[in-house]
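Hello,

Here is the structure I promised to pass on to you. Please open it and keep it beside this email while you read.

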Amino acid sequence: MLLTTIPPRSGLVEKSKAFADVQRKVAIDFNLPLIDFQAEILARRPDDWDGTLAKFRSDAKDVYQVPTLIAADGVHPSAPGKYADYSEEALKKNGFQLRNVLTLHAYADVIRLVLAPAK
């Protein structure tokens, strides 16, 4: 099992942080791998992760196309087609790509640390 923290939510940042803190505690208490999606979003875009911000309104014809990590609905990861690769730029502008990369790294850690044969 892999746990993933919920992303920050527009208008409910502190509440979403509280939920993520509980998820982090559960991961520690049960010794489970954690994908800290929320922390990664806030580290990469501390001031403008939120696709509901005025600066992204012109991009919000399709809520998922905003070039930041949370879509213009303020809840879900963004998925702008222009940033559908795994470059560093894309990982700052496409929330789904970021989540995919974090998940792949977590699975690789599980394989390497837990499932790899003992030497």
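**Gln38 and its surroundings**

Leaving aside neighbours within four places in sequence, Gln38 touches Thr5, Ile6, Pro7, Pro8, Ser16, Lys17, Ala20 and Arg24. You will find Gln38 in helix 2, which covers residues 37-44. Is Gln38 buried or exposed? Gln38 counts as buried because its relative accessible area is 2%, under the cut-off of 20%.

Now look at what the side chain of Gln38 does. One of its polar atoms lies 3.2 Å from the backbone oxygen of Ile6. The side chain of Gln38 also reaches the backbone oxygen of Ser16, at 3.1 Å.

**How confident is the model?**

Please remember that this is a predicted model. The average pLDDT of the protein is 93, and 98% of the residues score at least 70. Among the elements, helix 2 has the highest mean pLDDT, 98, while helix 4 (residues 95-115) has the lowest, 92.

**The nonpolar core**

In soluble globular proteins, nonpolar side chains tend to be buried together. Which residues make up the largest nonpolar core here? There are 11 of them: Ile35, Phe37, Ile41, Trp49, Leu69, Ile70, Leu91, Leu98, Val101, Leu102 and Ala106. Helix 2 and helix 4 are the elements that give two or more residues to this core, and helix 4 supplies the largest share, 4 residues.

Apart from neighbours within four places in sequence, Ile41 is in contact with Pro7, Pro8, Pro46, Trp49, Leu69, Ile70 and Leu98.

Enjoy exploring!

Best wishes

Note on methods: Residues numbered from 1 in each chain as written. Predicted model: local features only at pLDDT ≥ 70, side-chain atom pairs only at ≥ 80, totals over all residues. Heavy atoms only, no water. Buried < 20%, exposed > 50% of the residue type's maximum accessible area, 1.4 Å probe, protein only. Polar contact = N/O pair within 3.5 Å; in protein donor to acceptor, adjacent residues only side chain to side chain. Contact = heavy atoms within 4.5 Å. pLDDT = per-residue confidence, 0-100. Core = buried A, V, L, I, M, F, W, Y, C linked by side-chain atoms within 4.5 Å.
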